[in-house]
Amino acid sequence: MVTKDIVIGLAIGDAFGAGVEFQDRNWIRKNVDFTMFINARNRIKVNSNKIKVFTENYNSWNYTDDTEMTIGVIKALISNDLFSEKLLIKKWKEEYEKGIKEKGFGRNGHGSMSWYYSGEKTIEEVRDFQRNRSNPGNAPAMRSVPLGLITENKINPYAEINAIATHPNINAIISSQCISRATEFMIIHKGNSKEILQYCMNTVTLNDEYKVYLKEVDQLGKYQDLTNEDFIRLCGPQPIQEPYFLSGIYGMPSDSKYTTGCVLYILKESIDAMDALQKSIFLGGDVDSVASITTGIMSGRTGLKSLPEFMIKSVEGFSYLTELAEKFNSHLIKIGVELK
């Protein structure tokens, strides 16, 4: 079942990536060979008083807010309620509170939404924080994969709603739409992956900043031939510079635009889910979101067979995710979308 492959692939990319996120690209390439799970979260280079944010209540193979919020999007889609910002916030909060009920604590990885969940800020204050940022967070992109599977005329409007719910920022909206369209292109249309960036440029209204960036990404050569200058074009200044996170390491920052560009480039260059996972992790930096999206999409396109059995058996919530995928598949059939 394609929806199952997507959701399980998403969770695997997210969970494996969480173990090594915010590590330097060079360290990852030296120490990660994908034969086992590596938990390097205690190596994240932040002040000692902040490391607890990344290590407390974290266990290997736990998925993060990426998968949790994607689940919320799916539950909003299959509900009988109007798809809206309000509905999404409700579903995300329900999923977050489900984790607390089952684990005794909130799931790792939430950025500005943690302020809302804790009661520190209202959702409007969270939106105000993200609204005019030059580097909005990547949450709208990381949770938008399911939106590429719905009827075509709803993809862009629903992807915009997904972004505006927390990040009413033009780059966040574009990112959500591009990832949704990439899903549509790769899984529904089964398009030639070499044309994925051009497809997104043709189906999403881009601002000038995004147009220049995606054109540059589309001109990059093969992944294995990327130079330091190529990584700067793809991921921004290297090593990462403030205000981008995590400054001082070589890799991809926590940023909506760069997340999207990296995802589209890796989908263009990958042959299956495992290839996408490896290429995503080897970027360094904020790799769990990129790995979640690319592994999920490529799993939907080529299946889970390329992923090692230990990953499939170890990822958190396999039965829960499978049941959700079955419900999502039934919903898609009901609205006239049948995945093959």
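E184 and R181 are both buried (under 20% relative accessible area, with a 1.4 Å probe and protein chains only). Their side chains meet in a salt bridge at 3.0 Å, N to O, the term denoting a side-chain nitrogen of Lys or Arg within 4 Å of a carboxyl oxygen of Asp or Glu. The two residues lie three apart in helix α10 (residues 170–188), and are therefore separated by about one helical turn. The model is predicted, so that local features need pLDDT of at least 70 and side-chain atom pairs count only at pLDDT 80 or more, while totals for chains, interfaces and linings use all residues. Residues are numbered from 1 along each chain as its sequence is written, and side-chain values use heavy atoms, without hydrogens and water.

Helix α15 (residues 273–281) holds K279 and D275, four residues apart, about one turn of the helix; helices are DSSP runs of H or I with at least four residues, numbered from the N terminus. The side chains of K279 and D275 form a salt bridge at 2.6 Å, N to O, and both residues are buried.

The structure holds 17 salt bridges. One of them joins the side chains of E68 and R107 at 3.3 Å, N to O. This pair links distant parts of the chain, 39 residues apart: E68 belongs to helix α4 (residues 65–78), and R107 to the loop between α5 (85–103) and α6 (113–118). E68 is buried, with a relative accessible area of 1%, and R107 is buried with 10%. A network of salt bridges links E68, K103, R107 and E316.

Technical notes
Buried means under 20% relative accessible area, exposed over 50%, partly exposed in between (1.4 Å probe, protein chains only).
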